[in-house]
Amino acid sequence: MSASCRRLPNVQGKGEAFLQGVWNQDSIANAVNLLNYTQHKFKFTCDSFYVDLTTHSKVNYYTDSCFNNGIWKEYAKGVYKVKGDSLFLSGTYTKKNYKQKVSGCYQIGRYEKIFYIKSSSADQLNLESLGNQRECHLVLKEHIICEPKAL
């Protein structure tokens, strides 16, 4: 018996139909009482994700030149997988144009997040971060139809 390998196609995967689109977190529960919080804007297209993270902080965790009066944006991209009731995001922090970020303010390197999918409908998606148990209520802003692209 011989072992064999199967070459995977050089085409992006289809991902999950219910996630395809642009999803915004329009508000954060109890935001006024939190020391910091991050609002998410996700774009799911086929098996890929892009996320814009807008952080609001009353506490300065960075050098003064990076603190930006307590509001800053970060970006990440990568691939996702849904297993059961969990959404796994695996990617890297990027610049605003989603090109690789190797230095600068805030986070660099791997972006690895897991969310529990609390509920989903045609225009709403409710997630809970397994990292900090904060809820992320997302509203569909634009539907996208997956058209897999060559890798």
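View 1. Buried here means under 20% relative accessible area, exposed means over 50%, and partly exposed is in between (1.4 Å probe, protein chains only). Strands (E, at least two residues) and helices (H or I, at least four) are DSSP runs, numbered from the N terminus. Keep in mind that this is a predicted model, where local features need pLDDT of at least 70 and side-chain atom pairs count only at pLDDT 80 or more, while totals for chains, interfaces and linings use all residues. Residues are numbered from 1 along each chain as its sequence is written, and side-chain values use heavy atoms, with hydrogens and water left out.

View 2. The protein has one helix and eight strands, and from the N terminus on they run β-β-β-α-β-β-β-β-β. The eight strands close into a barrel in the order 1-2-3-4-5-6-7-8, with antiparallel pairing. From one strand to the next, the twist averages 35° (axes are lines fitted to C-alpha atoms, for helices over the stretch in contact, and angles run from 0 to 180 degrees between N-to-C directions). The C-alpha atoms fill a box of roughly 60 × 35 × 30 Å along the principal axes. Of the 151 residues, 37% count as buried.

**View 3. Strand 3 and its two partners.** Two strands count as paired if DSSP finds at least two bridges between them. On one side, 10 bridges join strand 3 to strand 2 (residues 36-45), and the two run antiparallel. Look for phenylalanine 42, whose bridge partner in strand 3 is valine 51. The hairpin of strand 2 and strand 3 has two residues between the strands, and cysteine 46 takes a positive phi near 60° there. Nine bridges join strand 3 to strand 4 (residues 71-83), again in an antiparallel arrangement. In that pairing, histidine 56 stands opposite isoleucine 71 of strand 4.

View 4. To find your place, spot serine 119, which stands opposite asparagine 126 in strand 7.

**View 5. Aromatic rings that pair up.** Rings of Phe, Tyr and Trp (its six-membered ring) pair if their centres lie within 6.5 Å; planes under 30 degrees apart count as stacked, over 60 as edge-to-face and the rest as tilted. By this rule there are nine aromatic pairs. One of them joins phenylalanine 67 and tryptophan 72: the centres are 6.1 Å apart and the planes are at 55°, so the pair is tilted. Both phenylalanine 67 and tryptophan 72 are buried. The rings of tyrosine 75 and tyrosine 98 have centres 6.1 Å apart and planes at 85°, so that pair is edge-to-face. The pair links distant parts of the chain, 23 residues apart: tyrosine 75 is in strand 4, and tyrosine 98 is in the loop between strand 5 (86-94) and strand 6 (110-120). Tyrosine 75 counts as buried, at 10% relative accessibility. Elsewhere, ring pairs link Phe42, Phe44, Tyr80 and Phe115 into a cluster.

**View 6. Lysines over rings.** A charge sits over a ring if NZ of Lys or CZ of Arg is within 6 Å of the ring centre and within 35 degrees of the ring normal. Lysine 43 lies over the face of tyrosine 50, at 5.9 Å from the ring centre. The charged end of lysine 83 sits over the ring of phenylalanine 88, 6.0 Å from its centre.

**View 7. The largest pocket.** This pocket has a volume of about 650 Å³. Its lining takes in 28 residues, of which Tyr37, Thr38, His40, Asn132 and Arg134 lie nearest its centre. Strand 2, strand 3, strand 4, strand 6 and strand 8 (135-143) each supply at least two residues of the lining. How is it found? On a 1 Å grid over the protein atoms alone, a pocket is an open set of points where a 1.4 Å probe fits, with protein on both sides within 12 Å along at least five of seven lines; lining residues have an atom within 4 Å of a point. Grid points are joined across faces, edges and corners, and the volume is the space filled by probe spheres set on the points.

**View 8. Two asparagines with positive phi.** Most residues other than glycine have a negative phi. Asparagine 30, in the loop between strand 1 (21-24) and strand 2, has a positive phi near 60°. Asparagine 30 counts as exposed, at 54% relative accessibility. Asparagine 68 has a positive phi of about 50° and is found in the loop between helix 1 (64-67) and strand 4. With a relative accessible area of 48%, asparagine 68 is partly exposed.
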